[in-house]
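Please look over the structure shown here and its pockets. The briefing that follows takes up their linings and the domains that supply them.

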Amino acid sequence: MARFATRVTSIESSPTVRLGNLVAEMRARGEEVLSLSVGEPDFPTPAHIVQAAKEALDAGLTKYTPSLGIRELREAVARKSKEENGIPATADDVLVSPTKHTLYLACMALLESGDEAILPDPGWVSYEPMVRLAGATPVAVRAADDEGFVPTPDAVAEAITPKTKVLVLNSPSNPAGSVIPRRTMEGLADLARDHDLVVVSDEIYERILYDGEHVSPAALDGMFDRTVTVNGFSKTYSMTGWRLGWAVAPKPILREMGKVQEHTVTCATSFAQKAGVAALQGPQEPVEAMVREFRARRDLICAELSKIDRADCFRPGGAFYAFPRLDVPTDSATLSERLLKEAKVAVTPGRAFGAAGEGHLRLSYAASRETIVEAVRRLGELVAGM
Ligand SMILES: Cc1ncc(COP(=O)(O)O)c(C=O)c1O
């Protein structure tokens, strides 16, 4: 009988990935399920990006690349970071890897037993397990309805101890679609400087923004040297299956992350990296069209949810999730289970994103307008009968 490391037995499998698998199984059995559970755009990868990958394959780019990524892509990422985000990066500060894996590399490089990492609660489902896999202790900071789903400098200050090493930020956020305002970001940066913390800034929803401005902490005064900026192609360019993203970090941090990359995945997929260059340097109209559609759906889902008396929905400023609070006499896991079984609608229970997510459901509006309207109608019908 195999005995397993507590490192893995102490974490749960990803609730969002599990739910996606369950929906796929139900559909394979012939059941019709409306899914508002997936975290990927329902648009094809733009044709010019696919074409760049095909050309790379035909040109024989099918072998290992340098571990940190091909020079052309690292340069394109550095240019984008400088021009769009104000981050003073050069190509030497860029590591290419699947986005999720860059976050894991950052955790492995920065954290160990005895360290604490501050995470937003509610927050993306993988931050906590990654911190635990690195042997460190996650510390949840409440960033719930009353704070506009943003970790306030006061709440973070209260959570800092001599063991705190990393502060994870995510704007626009998953699950609430909240956007950290500049003043708040400056307050958080002050804390990072005062307490010698490294900020891991997950900016994967950066371009899917409807209200407010996107602020990269690495662009703030003196912050570049203590920030790992994580971003990727999955959401902006509808490239979830390509497994491609990047981290921008000062060289000492990047060097340590690079060692873990060398000993785990070696490098990102060769021809996908060429597609990444085409994505960053090619026409951005497909992104703009997708974001226009997401904005219309954001307005639609908020309007539909407002028809449910027992739902109270924060208006998301970015990403493609709504995170309503439901006033029902049951927890979010039971509610989402009943919704799936009785109404054939898949959503993610708010509790999956942390204790402060309880009472909420996450509805992804990366789905057609008809699906959104019908799914929210069924949700309203279910909660009206509870
Ligand atoms: C907040 C956040 N960070 C990172 C990721 C990982 O992205 P990728 O699929 O590109 O690895 C996701 C994906 O859902 C996400 O929602």
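Domain bounds here come from an automatic or database domain assignment. With those bounds, domain 1 (6-44 + 285-384) and domain 2 (63-281) each give at least three residues to the lining of the largest pocket. The model is predicted, so local features need pLDDT of at least 70 and side-chain atom pairs count only at pLDDT 80 or more, while totals for chains, interfaces and linings use all residues. Residues are numbered from 1 along each chain as its sequence is written, and side-chain values use heavy atoms, with hydrogens and water left out.

**Largest pocket**
- A pocket is an open set of points on a 1 Å grid over the protein atoms alone, where a 1.4 Å probe fits, with protein on both sides within 12 Å along at least five of seven lines, and lining residues have an atom within 4 Å of a point.
- The lining of the largest pocket has 38 residues, and Glu12, Ser13, Pro15, Val125 and Ala352 lie nearest the centre.
- Helix H6 (127-133) is among the elements that supply at least two lining residues each, and H6 gives the most, with six (helices are DSSP runs of H or I, at least four residues, numbered from the N terminus).

**Second largest pocket**
- This pocket is lined by 31 residues, of which Val17, Gly39, Glu40, Lys235 and Thr240 lie nearest its centre.
- H2 contributes six residues, the largest share of the lining of the second largest pocket.
- Because domain 1 and domain 2 both give residues to its lining, the second largest pocket lies between them.
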